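Let's take a walk through this model, strand by strand and helix by helix. Have the viewer open and follow along.

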Amino acid sequence: MSETGRQPEIAQPSRLLSQLADAGETGTLYVDGGSSGTVHLIDGRVSCVESPAAPGVGALLTTSGRLAEHTWQAAVQTGAAGHRVGRLLVEQGHLMQSELELCVLGAIYDAAFFVLTTAATSVRFAPGELHWLGRVVEVEVGALERETSRRGRRLDEIFPESSVDHAPVTPVPTPPVQRVVLTAAQWELVVHADGRRTAADLSRLLGRPGYATLQEVRRLSAAGLLRNAGPPSSGGDRGAVDAPPDEGASAVADPDHGVTGPDPVAEGESPTRTRAATRREGGHRRQRDPQPSGPNGAGPVDAVPDDALLGRLRAALKALR
Amino acid sequence: MSDIDDHLARTMDLPGAVGASLVDCATGLALGSAGAVPGGDGEAAAAGAAEVLYVASGRAPFASARPNDAIEDLIITTASGYHLLRTVPVAFGGQLALCLWLDRPDGNLAMARRRLAEIADDLVRPRPDAPVGSAA
Amino acid sequence: MADMDTALKDAMQIEGAIGVALVDYSSGMALGVAGGGKDFDLNVAAAGNTDVVRAKLRTMEMLHLNEVIEDILITLDTQYHLIRPLTGRSGKGLFLYLALRKDRANLALARHHMRRIEAELDV
């Protein structure tokens, strides 16, 4: 029905989506642009969202080790045609209904953050086209929009510099503070940030939600521990809002007790995570396999000058209290 | 009604229960809620609960005093009530917390704590006696 | 009324106590500590717990809840951490922090003791 051509405005996917929701439509919305993706509607409510920047349900379940890959594959093969992969996994006793709901809900909001904030170049709706996962949960379009903008604001509160969202990141050789405390999730990011991987790469590698990864990357950047590995190869869709970084959001840096020097502490690294890292290729690709015309590969990335230095210094100084 | 809602409804059966929500700690999003939230702003309450847990598990150095010593729950007592935050041992996607506001005069903290632990477990762990393959 | 050292010593008598500190949450610094050990730096823990208290206060402020925190209890796999803000005028901006071994402590009793110690404490 609604077929739109080039629509360079950022708000475009949202506007069309709201119209589709109001009309109670069922089908798939294809968004192309900076970060492409699909939004799947059933009776005007969102049943699934996918973006290359966010691990899908299959990737989350398999990289975490919750489901064996062959189990996931079998369900996809059997259930994709009938749009009942989710139901099948529950019926066969591989997952509990609540687990599936949690996983799908998380994946919807995660992918929506990327799809709905992208500078779309084209938006196309395919009526009647259902997602292979089937109806597991339903989210109101309005709720998705609100959460997406809240997440955007939150990122900028943490560190108002979006260039680290898309660029390869690398740990700084010398921490700017005497003592560093990291969460397990942050530790994994620092260890795997090799100067070639972007936040999206790291999220796929570790099977971690895309937005949560962005958030940690910004926190680590705010603390001056991670930096844009430049040459800057990307730019943000969201302009940096001039909000002060949240002083409570950066990693603990405690110069008062810094006799021991840099002292990164991580909580136990689980074996599943380690396994996840080595299996990412399979998990990720399989997750996308059953999607007949889904997004493959992130959109083009544009350039942003590396002016993050000032912000990082300011944040690092702030962290010193 | 989703299965998540069913679990939240169970927490509301507890004496003195005012409101409950299931919060994604990484993002501060409420994946589900039931009852009322003190102050009325469910979004802010969820984000706040997530922040408290994030700070407690990530920044408080006691969390790393021992390897693998993860937070089970965090309880805040005020004059009028208890706020219980119970971590949910979910395998994928990051930390979740089951949050419950309990009225002080009617609430039974010890009992609520036990039940909340049970319900959090039930959300993500199959019960040994649960029939397999009978869902939906 | 008891002074700080007496209160800290008293708290260390609680069954399962690992360490105790009296902390100023405007700075995160401990006014006094007792117990602890090489694996357990109470000054560091005090600073960390300050962040927990602040996060909770921020949340309550955001929700416009005009409430006072009586205590915060954090249960880890092997430990309890009990945070109790002081209520007296001299104790404004301070909290008592007690870490307990979970396998040795009686939580209800410990909370009760802490309430008493806090009430009698005069800084």
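Start in chain B, where Arg86(B) stands opposite Leu98(B) in β5(B). Keep in mind that this is a predicted model.

Now step from β4(B) to its other partner. β3(B) and β4(B) are also antiparallel, with 5 bridges between them, and the link from β3(B) to β4(B) is a hairpin through 2 residues. Within this pairing, Leu74(B) has Leu85(B) of β4(B) opposite it.

Taken as a whole, β3 of chain B (residues 71–78) pairs with β3(C) over 7 bridges, in the antiparallel sense.

Zoom out and the sheet comes into view. How many strands does the open sheet have, and in what order? There are 10, and reading across you go β2(B)-β1(B)-β5(B)-β4(B)-β3(B)-β3(C)-β4(C)-β5(C)-β1(C)-β2(C), with antiparallel pairing. The edges are held by β2 (29–35) of chain B and β2 (29–35) of chain C, each of which pairs on one side only. From one strand to the next, the twist averages 15 degrees.

Strand pairing is one part of how chains B and C meet. Counting contacts, 30 residues of chain C touch 29 residues of chain B. On the chain C side, α2 (42–62), β3 (69–76) and β4 (79–85) each supply at least two residues. Which element gives the largest share of that side? That would be α2(C), with 10 residues. Sorted by class, the chain C residues that touch chain B come to 15 nonpolar, 8 polar and 7 charged.

Back in chain B, look for the helix lying across the sheet strands. α1(B) lies across β1 (17–24), β2 and β5 of chain B, and its direction makes an angle of about 45 degrees with β2(B).

α1(B) also gives us a way into chain A. This helix, residues 3–12 of chain B, packs with α5 of chain A (residues 97–117) at an angle of about 110 degrees, the axes being 8 Å apart. That angle is why α5(A) counts as roughly perpendicular to α1(B). If you want to select the contact, pick Gln97(A), Ser98(A), Glu101(A) and Leu102(A) on α5(A), plus Asp3(B), Ile4(B) and His7(B) on α1(B). By class, this contact of α5(A) with α1(B) has 2 nonpolar, 3 polar and 2 charged residues.

Follow α5(A) along and you'll find a partner in its own chain. α5(A) packs with α6 (residues 141–158) of chain A at about 80 degrees, with 9 Å between the axes, so α5(A) is roughly perpendicular to α6(A). Here Tyr109(A), Ala112(A), Phe113(A), Leu116(A) and Thr117(A) of α5(A) meet Leu144(A), Glu145(A), Glu147(A), Thr148(A), Arg151(A) and Gly152(A) of α6(A). That contact of α5(A) with α6(A) divides into 5 nonpolar, 3 polar and 3 charged residues.

What does the record say about this part of chain A? An unreviewed UniProt entry annotates residues 14–150 of chain A as "domain: PatA-like N-terminal". In the model, that span is 47% helix and 20% strand, and the C-alpha atoms at its ends lie 15 Å apart.

Finally, a word on confidence. Chain B has an average pLDDT of 85, with 85% of the residues scoring at least 70. Residues 132–136 of chain B fall below 50, and this stretch has 11 contacts in the model beyond near neighbours in sequence. Chain A averages 76, and 68% of its residues score at least 70. In chain A, pLDDT stays under 50 over residues 1–11, with 20 contacts beyond four places in sequence. Residues 232–310 of chain A are below 50 too, and for them the model has 186 contacts beyond near neighbours in sequence. Where pLDDT is low, the predicted coordinates should not be read in detail.

How values were computed: Residues are numbered from 1 along each chain as its sequence is written. Chains are lettered from A and ligands numbered from 1 in the order in which they are written. This is a predicted model: local features need pLDDT of at least 70, side-chain atom pairs count only at pLDDT 80 or more; totals for chains, interfaces and linings use all residues. Two residues are in contact if their C-beta atoms, placed from the backbone, lie within 7 Å. Helices (H or I, at least four residues) and strands (E, at least two) are DSSP runs, numbered from the N terminus. Ala, Val, Leu, Ile, Met, Phe, Trp, Tyr, Cys and Pro count as nonpolar, Asp, Glu, Lys and Arg as charged, and the others, Gly among them, as polar. Two strands pair if DSSP finds at least two bridges between them. UniProt positions are given in the numbering used here, feature names are shortened, and annotations may be inferred rather than shown by experiment. Axes are lines fitted to C-alpha atoms, for helices over the stretch in contact, and angles run from 0 to 180 degrees between N-to-C directions. Angles under 35 degrees count as roughly parallel, over 145 as roughly antiparallel, 65 to 115 as roughly perpendicular and the rest as oblique. pLDDT is the predictor's confidence in each residue, from 0 to 100.
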